[in-house]
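Dear colleague,

Please find below the structure I wished to hand over to you. My notes on it follow directly after.

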Amino acid sequence: MVSWSGRRRAFTILLFVFPTLIGVLVFNVYPIILNTYVSITNRNKFHPYPDCAAGLSGVLDPVCWPVFRDKVPTGLGEPYTIETPFYQNYADLIGDLFSGPTLLALLSLALVVVPFAAVGAVDRRFQKMGDRPVSTTVLWIGAAGVAVLFVLLFNVRAAWDTLMAGGDFIVVVMRTVLFVAIRVPLSFLLGLTLALILNSQHLPGRTFFRVLLFIPWAASSLAILVALIWQFFFREQGTINQVLSLFGIDGLSWLQNPTTAFAAIVIADLWFSYPFFMIAILGALQSIPTEAYEAAEVDGATYWQQLTRITLPLIRPAILPATVLTSITAFQMFGTAWAMTAGGPVRGAGQPGATEFVMVYAYKTIFQTQNYGRATAFAVILFVFLFGATLYSLRLTRLTKGALE
Amino acid sequence: MSRRPTAIALVFQYGILIIAGVFAFYPVWFAILASGRLGDRLYTLNVVGMFIPTEWTFENYRAMLVDKDLLTWLRNSLYVASLTTVASVIITTSAAFALSRFRFYGREFFLIFLLAIQTFPAILSLVAIAQLLTAIGLYGKHEGLILAYTTGTLVFSTWNMKGYFDTIPIDLEEAAMIDGCGPVQSFILIALPLARPALAVTALLGFLAGWGDFVFANVLVPAPDSMKLVVPGLFSLAGSQNVPWGYFAAGAMIIIIPTIIVFLSLQRFLVAGLTVGGVKG
């Protein structure tokens, strides 16, 4: 422990933390406070300016501060005021979330997840008992069967349609959840497959392939430009349709159809995201002692048994944080969707487009419709949601464990 | 796994690798091809031209570098990104030093607090940041962008650096302090050189924050063309109807290829710097 004590020590600490503290207060905390305030007002393009005499506006809005007072624009439009009731923006967003049919629809969607959650519990139970009546694979297949049964039984398709007819918030969030639920397992599977292959010692040229397969991660820092290239593949005259026309098939206009546009974004985003999994899993694989496999080999274990009994359990601690963090980033994906479809195809006036994920919706509400009140209400709800998810993931992955000692 | 694979397994493995390799490399390859094709020809009508170069010209590159604003955009981006890097490294190193080497009241709270506020979506704080920058007269200026980017990197890099510093034993610094160094001096002389991978990662992330971003640059410095950064500049170029796609491809290659090369050459460094620090993402 570093010596020094008393005032000098406190002064040093303050001096070193000070820039971070100021930066975070001004550029993170203040925007959150201002956002929360704006979310209960009717600020939009018709009410763009604060009424500095009115209570909180005068304190929170920077253009009201005495130093900048003379910069208050006095143009078109009326000053914004607090909504009556003050939660009007939230009510508009959430719509009829708390009505009977919507809750029922949510419930039937949740039922589909239940079998998969049950597998985990049953599997742990078996592990404790020491003998397995059925193998894990069978359990998973069974769960998938039950889930399909539920889908048919409870008319999940109709439930989904009910949700998609609800307020903007449900539509956009459910769609983003669907995106995360499809994209993250896909990148995990692709990353795992490639990492397993690249990890085998008897494979000439694997360094070459590792570098080649790493390229998308490098390109992902310029995601929005590369996503434009991806958009080109899926255009009506794009690469895919040209190749299809060789075989005499008339391609679709992929980005105009809601389902294929969604799929196109999943594929493009998969391209950006699988290398991270690949690298993380590869690192974890290299830390598994070869003795474990040698012992399994002596006992006559098959490749599949080695994979499910040795490899996967041993890399679990390393890939769990990666999975959780990737899910949170996937939830906040913006560039890929913005460059490829800009939220379209349009489903009707005043409705979010078919690929409007949360961040695209937020961006459009702020910068195109300029409905700040609603956008900030959306932000506050998302913040609560993401905050909870982050805290939960910290507990789940013990990411901060050790770092705080 | 240690077992020597059978011939079938080997074929299977190479098959997957080759398909994945095509998937990984084709978008970049496609853009390279498009950048060498004459500008006004958006699509090659023969499919072969989409996979192997049937024609090649540097006209697009010349046009981008000479006729268009690309060089100005590049200069703007380099200016913003390098100042962000410097600011980010200095600020996060000093905070991480204090958080790693001292135990003080409120330290744990501060660390968790950093993580918590970071979950507020950046796009949504843009309105407030834009207003703030307007108020202090930095809206539409590169300096305002640098401020926004630097604060955007603070949380992740502080956590990452702190995690890395924690892995460096403090004994060496204590030895130096017995010899008469102060805590700060001994930290700079002894711990910092050992933390080079983490510093490299912080620098790279700081640089990329300014180099690759679209949303902030697009909103905070919307105009004029001569002030734009390279990513929003190219994006708007691709969106306008009267600019050939080949120009965009050439411009994109000029910035994508160096970025990929830097990433690949720093690969080992990056993975080590990110994983030892404890925070991955």
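Among the contacts in chain B that join residues at least 6 apart in sequence, 75% link residues at least 24 apart. Please bear in mind that this is a predicted model.

Overall form of chain B

Chain B contains 13 helices and zero strands, and its pattern along the sequence accordingly reads α-α-α-α-α-α-α-α-α-α-α-α-α. The radius of gyration of chain B is 23 Å, whereas the globule rule gives 19 Å for 281 residues; the value is well over that figure, so the chain is more spread out than a compact globule. The C-alpha trace of chain B spans about 75 × 65 × 35 Å along its principal axes. Of the 281 residues in chain B, 45% are buried.

Domains of chain B

Two domains are assigned in chain B: domain 1 covers 7-62 and domain 2 covers 68-276. Their centres, taken over C-alpha atoms, are separated by 33 Å. Twelve residues of domain 1 and nine residues of domain 2 take part in the contact between them. On the domain 1 side, helix H1 (7-35) and helix H2 (59-67) of chain B are the elements that give two or more residues.

Contact with chain A

In total, 78 residues of chain B are in contact with 83 residues of chain A. H1(B) gives the most to the chain B side, with twelve residues. That side comprises 55 nonpolar, 17 polar and six charged residues.

The pair H3(B) and H9(B)

One helix pair within chain B may be of interest to you. The axes of helix H3 (residues 70-101) and helix H9 (residues 196-212) of chain B come within 7 Å and cross at roughly 140°, and the crossing is right-handed. Which residues of H3(B) and H9(B) meet? From H3(B), the residues include B:Ser77, B:Ala81, B:Thr84, B:Thr85, B:Ser88 and B:Thr92. Among those they meet in H9(B) are B:Leu199, B:Ala203, B:Gly206, B:Phe207, B:Gly210 and B:Trp211. The residues of this contact divide into eight nonpolar and eight polar, with no charged residue. By comparison, the chain B side of the contact with chain A does include charged residues, six in number.

Yours sincerely

How values were computed
Residues are numbered from 1 along each chain as its sequence is written. Chains are lettered from A and ligands numbered from 1 in the order in which they are written. This is a predicted model: local features need pLDDT of at least 70, side-chain atom pairs count only at pLDDT 80 or more; totals for chains, interfaces and linings use all residues. Domain bounds come from an automatic or database domain assignment. Two residues are in contact if their C-beta atoms, placed from the backbone, lie within 7 Å. Helices (H or I, at least four residues) and strands (E, at least two) are DSSP runs, numbered from the N terminus. Ala, Val, Leu, Ile, Met, Phe, Trp, Tyr, Cys and Pro count as nonpolar, Asp, Glu, Lys and Arg as charged, and the others, Gly among them, as polar. The radius of gyration is taken over C-alpha atoms; the globule rule is 2.2 Å times the number of residues to the power 0.38. A residue is buried if 20 or more other C-beta atoms lie within 10 Å of its own, exposed if 12 or fewer, and partly exposed in between; C-beta atoms are placed from the backbone. Axes are lines fitted to C-alpha atoms, for helices over the stretch in contact, and angles run from 0 to 180 degrees between N-to-C directions. A crossing is left-handed if the near helix is turned anticlockwise from the far one by less than a right angle, and right-handed if clockwise.
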